[in-house]
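I opened this notebook to record what I looked up in the model, beginning with the chain as a whole and then turning to one helix.

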Amino acid sequence: MEILLATSTAEVWLAALHRDAPASEELHRDPDHGFVLLAHAEQAGLYRPPHDHGRSWVLYGIQHGEIEMGTYARIQGEKGEVRLVKRNTVRVRAGEAQLYLPGDIHDTRCISDSAVLFRFTERDLRVEDKHHRRLTRYVERNGVWTTGPTPA
């Protein structure tokens with residue numbers, strides 16, 4: 001990831017990522033082991049609410065810009081109700097990476113004008129989400145992050 005983040009924007013493929021600013025673009029998929037490398041372009045203020053990546057680890061690397069990433073603890077009450085408690089927030093800058101292990105709950109927010117980041121995952125998260133339903137996304141209700149359908 002260190003080498004990837006240090007790549008010059010003079011490289012044709014990286015210059016194209018900066019120019020085209022795709023929301024998501026697959027750069028590589030390992031046919032034998034299933035690893036996936038994606039690039040994402042984000043704009044100021046883009047917020048991705050608390051979520052986990054199910055059984056997969058994920059490594060975020062910031063190529064350009066800054067992303068704020070928070071982590072959460074999941075608390076379950078006696079009646080089964082779930083709420084999240086924010087544990088910390090880190091500012092990840094260009095050239096830096098942040099790792100989340102399976103089940104780690106986190107959120108992201110683009111805090112620079114724009115950002116280009118790489119997301120390296122253990123497996124295809126679209127399959128984990130759509131077919132296996134192993135990813136968890138949280139919703140905010142009355143100022144509390146919890147599970148369940150998105151409020152209307």
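**Entry 1: the chain.** I counted three helices and eleven strands in the protein chain; helices (H or I, at least four residues) and strands (E, at least two) are DSSP runs, numbered from the N terminus. From the N terminus on, I read the order of elements as α-α-β-β-β-β-β-β-β-β-β-α-β-β.

**Entry 2: basis.** I note that this is a predicted model, in which local features need pLDDT of at least 70, side-chain atom pairs count only at pLDDT 80 or more, and totals for chains, interfaces and linings use all residues. Residues are numbered from 1 along each chain as its sequence is written, and side-chain values use heavy atoms, with hydrogens and water left out.

Entry 3: Of the 152 residues in the protein chain, 38% are buried (under 20% relative accessible area; exposed is over 50%, partly exposed in between; 1.4 Å probe, protein chains only). Among contacts (heavy atoms within 4.5 Å) with a separation of 6 or more, 69% join residues 24 or more positions apart.

**Entry 4: helix α2.** Which residues of α2 are buried? In this helix, residues 12-20, I found L14, A16 and L17 buried. They lie on the same side of α2 because they cover an arc of only 155° around the axis; the arc is that of the directions from the helix axis to the C-beta atoms. The face turned away from the buried side carries the exposed residues V12 and R19.

**Entry 5: surroundings of α2.** I found that the buried residues of α2 pack against β1 (25-29), β2 (36-43), β4 (58-64) and β9 (114-121). After α2 comes A21, with a positive phi near 45°.
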